[in-house]
Amino acid sequence: MGWPFGKGASSTQSATRPRRRAVPAGRMFARLFEAASGDRLTANWPSMPLTADDVVRRNQRVLVARSREQAANNDYARKFLQLCRQNIVGPRGVQLQAQSMDPGGALDTLANDAIEAAWRDWCRAENCDITGRQSFRALQGLAVTSAARDGEFMFQIVTGREAGPWGIALQPLDPQRCPVDYDQVRMPGRRFIRHGIEFSRFGRPLAYHFTTTDPEDDDDAYNYGGRAYVRIPADRIVHGFVSDMVGQKRGLPWMATALWRLRMLGGFENAALVNARSSAAKMGFFEWQEGYGPGDDEDDADLLMAAEPGTFHELPAGVKFNSFNPQYPNGEFAPFQKAMLRGVGSGLGVSYVNLANDLEGVNFSSIRQGTLDEREYWKELQEWLIESLHMRVFEAWLPRALLSGRIKVAGKPLRPERIDKYRAVEWQPRRWDWIDPNADVKAAVASKNNLLASPGQIIRDRGRDPNAVWQEIGRDIGAMRAAGIPDKFIEIALGAGIANKLEPDGGAEKPPEDQRD
C-alpha cells in the first residue's frame with residue numbers, strides 16, 4: 001500500500017506545510033508604485049503620456065476660454081493678474097541701463113546716457129505703440145496679462161513710415177488669431193506648420209499664420225481649409241510663453257491648474273451669499289389648519305404678508321406660520337474657503353495672504369519667509385519677460401535708431417558701425433522695499449564689509465542703477481560745496497570719509513569715444 005502524500009512524505013508534514021502560490025514578477029514590481037496601479041479608483045486616470053503638441057492641441061483653446069471667463073468674473077483670478085502686473089512689471093516697468101565701454105574698460109558715460117535718453121523717448125505712447133495709445137510700460141503690462149491669462153503674448157514689429165517718428169513700433173496681437181488647430185506637414189524644404197506656426201525641419205520658427213477678416217487688403221493673405229490667413233515672418237513677431245514641456249510650441253494659461261477650483265469656489269461663495277441673504281430676510285410659509293382655508297370650489301389664493309423690522313401681524317383664523325430660516329454659511333465657511341484658496345495660491349505661485357488679502361493671524365517671521373519665496377518666483381518671471389520681450393525689441397530698435405541718427409551726444413549722432421559696443425546693456429526690473437529696513441540694511445552693510453556683496457549689487461537689489469546713484473551723490477557733493485557748506489558737515493550728511501574721496505573736479509566726464517580726436 002503506497003503513501004497517499006507521495007514518496008518520503010508524512011501526512012503530518014504535508015498537512016502543516018503552507019502552500020505557496022507563484023506570483024508573476026510583473027505584479028511584484030508593479031506594487032512598487034501605487035500611482036501606476038490600474039483599478040476602479042484609477043480608471044479615469046491617464047495611463048499614456050501625451051506629447052507637448054497633443055497637450056496643447058487638445059487643451060489650449062478650452063483653457064484660454066475658461067481662463068478669460070474667470071478673469072472677467074472671479075475676484076481671485078483678477079487679483080492674480082493684478083499681482084502679476086505689479087510684481088513683474090511694476091509702476092515704472094523694466095528699465096534700460098546702457099553699459100557701453102571705452103577700449104580702456106571705462107564706461108562711456110555720455111554715450112550710455114544718450115542711449116538711455118533715446119530709449120526713454122521711444123518708450124512714449126506716440127512712438128512705441130502703432131496706435132499711439134499705450135506706452136512701452138503699458139505694453140509690458142499687457143504682455144504679462146496676456147501670458148498669465150492666455151498663456152502667451154504676441155507683438156508684431158512694424159517698421160517703415162507707418163511705424164511713426166522712429167520708424168519702428170509694436171502692434172499687440174491676440175494669440176488666438178494664430179489658430180492652435182492649424183497644422184500642415186510635408187511642406188517644401190521639409191518645413192511644417194504646427195499650431196499656426198511655420199517651422200524649419202529643425203524646429204526654428206520661420207513664420208506665423210494669423211487669421212484675417214479682410215484678405216483682399218493684405219498682399220500676403222491666402223485661403224486654406226475655408227479660412228483666410230496672413231503669413232508674417234517670424235523675425236517680425238515677438239512671441240513669449242513659459243515652456244513647461246520639451247518641444248512645446250505654444251503657451252498654456254498660468255491659471256490652468258487652478259481654474260477648476262476657482263470656478264467651484266466661486267459657485268460655492270455665490271450660493272452661500274444667496275443663502276445668507278435669504279436667511280437674513282426671515283422668510284416663511286403660511287399653512288392652513290384642518291377645517292380652514294379655501295373650499296374646493298374656490299380659487300387657491302396666495303396669502304402674502306410683507307414684514308418690516310419691529311412689527312408683528314395677526315394671522316387669520318386657521319393659519320399657522322412655518323418659518324424658513326437657513327443657517328448657512330456657518331462657522332465652517334471661513335476655514336473651508338481658506339483651505340481652497342491655499343490650493344489656488346499654490347497653483348498660481350503666489351502666497352495665500354496676498355491672493356486673499358488676509359493678513360489676520362500672520363506674524364512677522366511667517367510673512368517674511370512667504371514674501372521672500374514669492375519674490376524669487378517673481379524674479380524668475382522678470383528674467384523670462386526680459387529675454388522674451390525686451391531683448392528682442394531692443395535688438396530691433398537699436399540699429400534703426402543709430403542709422404536714423406536719433407541717438408546724439410552734444411548734437412552729434414553716435415556711429416552706427418559701433419553697434420556691437422552699444423549692444424552692451426543691462427535690464428533693471430522692479431525691486432521691493434525691505435520688510436525690516438533696519439535689519440536688512442545692516443545685513444547689506446555687513447555683506448559689503450566682508451566682501452560678500454559689492455555696493456553696486458546692493459544698489460541694484462533696490463532697483464536702482466549704481467552709476468546713476470553715484471552720479472547723484474557726486475552732484476550733491478558738488479552742489480553743497482558750491483553753496484559754501486564745509487566738508488565736515490558734508491561728511492556728517494553723507495558719511496564720514498566720503499566727501500574727501502571725491503576731488504572737486506572728479507565728477508568731470510570725458511567726451512564719448514566717437515567725439516574724441
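Reply: R124 and E126 form a salt bridge, their closest N and O atoms being 2.6 Å apart. The term stands for a side-chain nitrogen of Lys or Arg within 4 Å of a carboxyl oxygen of Asp or Glu. This is a predicted model, in which local features need pLDDT of at least 70 and side-chain atom pairs count only at pLDDT 80 or more, while totals for chains, interfaces and linings use all residues. Side-chain values use heavy atoms, with hydrogens and water left out, and residues are numbered from 1 along each chain as its sequence is written.

Me: Which residue forms a salt bridge with K249, and is K249 buried or exposed?

Reply: Buried means under 20% relative accessible area, exposed over 50%, and partly exposed in between, with a 1.4 Å probe and protein chains only. K249 lies in the loop between β9 (237-240) and α8 (259-281) and its partner in helix α3 (residues 52-73), so the pair ties together parts that are 196 residues apart in sequence; helices (H or I, at least four residues) and strands (E, at least two) are DSSP runs, numbered from the N terminus. The closest N and O atoms are 3.3 Å apart. K249 is buried, and the partner is D53.

Me: What is the relative accessible area of R57?

Reply: R57 meets D183 in a salt bridge of 3.0 Å, N to O. D183 is partly exposed, with a relative accessible area of 25%. R57 is also partly exposed, and its relative accessible area is 32%.
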